[in-house]
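Q: Please take a close look at one helix of this model. What surrounds it, and how is it tied to the rest of the chain?

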Amino acid sequence: MEENYIRPKCSCSKEPVDYIPTDRIIGKLDSLFARNDMSGAGRLLKYWENEARALGDNKGLIEILNEEIGYYRRTKDRDRALNSVYEAFDLIKEMYEEENISAGTVFLNGATTLKAFGRLDESLPYYEKAGKIFEDLLSEDDYRMAAYYNNAAAAYEEAGKTEKAAGYYIKAIGILQKKGDSHADAAVSFVNLAHLYYRSDPTDGKIYECMDKAYDAIVSEAAVRDGELAFTISKCIDAFEFFGYFALEKELRLIMENIYEGT
């Protein structure tokens, strides 16, 4: 039997008297993630969630809930993740016209979390909502389009739409490789594409082409050795072991550990 998740009542009727400093909060959050300080990130988010509620700042609350959706997905806290998704969706319906970038970002993040916790069928309409918003309002080479293609591809593959999924991964790679500061992110797309090819045909030579390109993206001169790169490596490293790249797996693990240790 599927659990029932309580949707917290939104505080939309409360007039805000002040606003939380979302840019500063997200900057601090990024610095905590760069040190892999997940407990500190969780405390920060909870504090500012409470502040946003106390102030009646629902716009700020949506921003915090969106960060919490990703945070709880990373920490595998299913109940809190899903409750954050549902409250964020409800607040968007109350506050925004759905045709805006902020709504699209929350729909994509929420859909990815629904899928991560086994709610694929529920996630698909939100991927479609996010895709429509982004395709209408963003340029084709916008980084957020790459994030959409990557996440939606994983959902479509799980739904059995393999050809569409492969096409989306390839679109994401095309965008990311054009952006110097996002070049390493293409590694995740290459790894996902390698797994897709493997599930279709374990002897497909494109599997190893993708893994070679994933490694090249991570160690390229364009890849800044920071917390974002470490997180990218953490999402790819098991694939290097799975496909038999044992020496590269050890090398990448050392790079990741050195980043987190600040060396």
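A: In this predicted model, the buried residues of helix α5 are Ala103, Gly104, Val106, Phe107, Leu108, Asn109, Gly110, Ala111, Thr112, Thr113, Leu114 and Lys115. That makes 12 of the 16 residues of α5, so the helix is largely enclosed by the rest of the structure. Among the elements that cover these buried residues are α3 (58–74), α4 (78–95), α6 (120–137) and α7 (143–158).

Helix α5 itself runs over residues 101–116 and reaches 22 Å from its first C-alpha to its last, close to the 22 Å expected at 1.5 Å a residue. At its start, a side-chain oxygen of Asn100 comes to within 3.1 Å of the backbone nitrogen of Ser102. After the helix comes Gly118, with a positive phi near 85°.

One link from α5 involves charge. Side chains of opposite charge can pair when their charged atoms come close. Lys115 forms a salt bridge with Glu158, and the closest N and O atoms are 3.3 Å apart. Lys115 belongs to α5 and Glu158 to α7, so this pair ties together parts that are 43 residues apart in sequence. Lys115 is buried, whereas Glu158 is partly exposed, at 46% relative accessible area.

Arg199 lies in helix α9 (residues 186–200), 42 residues from Glu157.

Key
Residues are numbered from 1 along each chain as its sequence is written. This is a predicted model: local features need pLDDT of at least 70, side-chain atom pairs count only at pLDDT 80 or more; totals for chains, interfaces and linings use all residues. Side-chain values use heavy atoms; hydrogens and water are left out. Helices (H or I, at least four residues) and strands (E, at least two) are DSSP runs, numbered from the N terminus. The expected span of a helix is 1.5 Å times one less than its number of residues. Buried means under 20% relative accessible area, exposed over 50%, partly exposed in between (1.4 Å probe, protein chains only). Contact means heavy atoms within 4.5 Å. A polar contact is a pair of N or O atoms within 3.5 Å; within protein, one must be able to donate a hydrogen and the other to accept it, and residues adjacent in sequence count only if both atoms are side-chain atoms. A salt bridge is a side-chain nitrogen of Lys or Arg within 4 Å of a carboxyl oxygen of Asp or Glu.
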